[in-house]
Amino acid sequence: MRIPILKLHDYLLISVQVDLDDQTALQFQEDVLNKIHQEGSRGVVIDLTSVDMIDSFIAKVLGDVVDMSNLMGARVVLTGIQPAVAITLIDMGIVLEEVPTALDLEQGLDRLQQELEG
């Protein structure tokens, strides 16, 4: 299953609406990087509002997507992290260092614009 990636001006908007299994997460990683390259995107908002659970592999993939996107010149903002996901990440000792976050997609877009425009 592929996760839809929408383009809005220089940004990519991604709302993860499915539970991420390992294969879907790896496909998602590849799709995001290819779309950044194709569109020349400067920023990505990944909305996780519908994600109720996360494991260490999925957290690593998300962290890798952020790092790889930054290497390609696109800033990433994560939005909609549910309480259970935040608790799981902290319990597992996974820290997404220097990853901008926001409560929802609207705030995520504002945050991304602040990140890119200073």
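**Close-up views of a predicted model**

**View 1. A patch of negative charge lies on the surface.** In this predicted model, the residues Asp19, Asp21, Asp22, Asp52 and Asp55 gather on the surface in a patch of negative charge. One of them, aspartate 22, is found in helix H1, which covers residues 22–39. The relative accessible area of aspartate 22 is 38%, so this residue is described as partly exposed.

**View 2. Histidine 9 has a positive phi angle in a loop.** Histidine 9 lies in the loop that runs between strand E1 (5–8) and strand E2 (11–15). Its phi angle is near 55°, which is a positive value in a residue other than glycine. With a relative accessibility of 64%, histidine 9 counts as exposed, because the word is applied to residues with over 50% relative accessible area.

**View 3. Serine 50 and glycine 80 are shown together.** Serine 50 has its place in the loop between E3 and H2, and at 27% relative accessibility it counts as partly exposed. Although serine 50 and glycine 80 are 30 residues apart along the chain, their C-alpha atoms are separated by 8.0 Å.

View 4. A search of the whole structure finds 6 salt bridges, and in one of them the side chains of arginine 2 and aspartate 31 meet, with 3.0 Å from N to O. This pair links distant parts of the chain, since arginine 2 is in the segment before E1 and aspartate 31 is in helix H1, 29 residues apart.

**View 5. Lysine 35 and glutamate 39 pair within helix H1.** Lysine 35 forms a salt bridge with glutamate 39, and the closest N and O atoms of this pair are 3.8 Å apart. Because the two residues are 4 residues apart in helix H1, lysine 35 and glutamate 39 are separated by about one helical turn. Lysine 35 is partly exposed, with a relative accessible area of 21%, and glutamate 39 is partly exposed as well, with a relative accessible area of 32%.

View 6. Glutamate 115 forms a salt bridge with arginine 111, in which the closest N and O atoms are 3.4 Å apart. Both residues lie in helix H4 (residues 105–117), where glutamate 115 and arginine 111 are 4 residues apart, about one turn of the helix. Glutamate 115, with a relative accessible area of 29%, is partly exposed, and arginine 111, with a relative accessible area of 30%, is partly exposed too. Through salt bridges that share partners, Arg75, Arg111 and Glu115 are joined into one network.

Methods. Residues are numbered from 1 along each chain as its sequence is written. This is a predicted model: local features need pLDDT of at least 70, side-chain atom pairs count only at pLDDT 80 or more; totals for chains, interfaces and linings use all residues. Side-chain values use heavy atoms; hydrogens and water are left out. Patches are made of residues with over 30% relative accessible area and no salt bridge: like charges are joined within 9 Å, nonpolar side chains (Val, Leu, Ile, Met, Phe, Trp, Tyr) within 5 Å. Accessible areas come from the Shrake-Rupley method with a 1.4 Å probe; for residues, only the protein chains shown count as cover. A salt bridge is a side-chain nitrogen of Lys or Arg within 4 Å of a carboxyl oxygen of Asp or Glu. Lys and Arg count as positive and Asp and Glu as negative; His and the chain ends are not counted. The place of a charge is taken as NZ of Lys, CZ of Arg, CG of Asp or CD of Glu. Buried means under 20% relative accessible area, exposed over 50%, partly exposed in between (1.4 Å probe, protein chains only).
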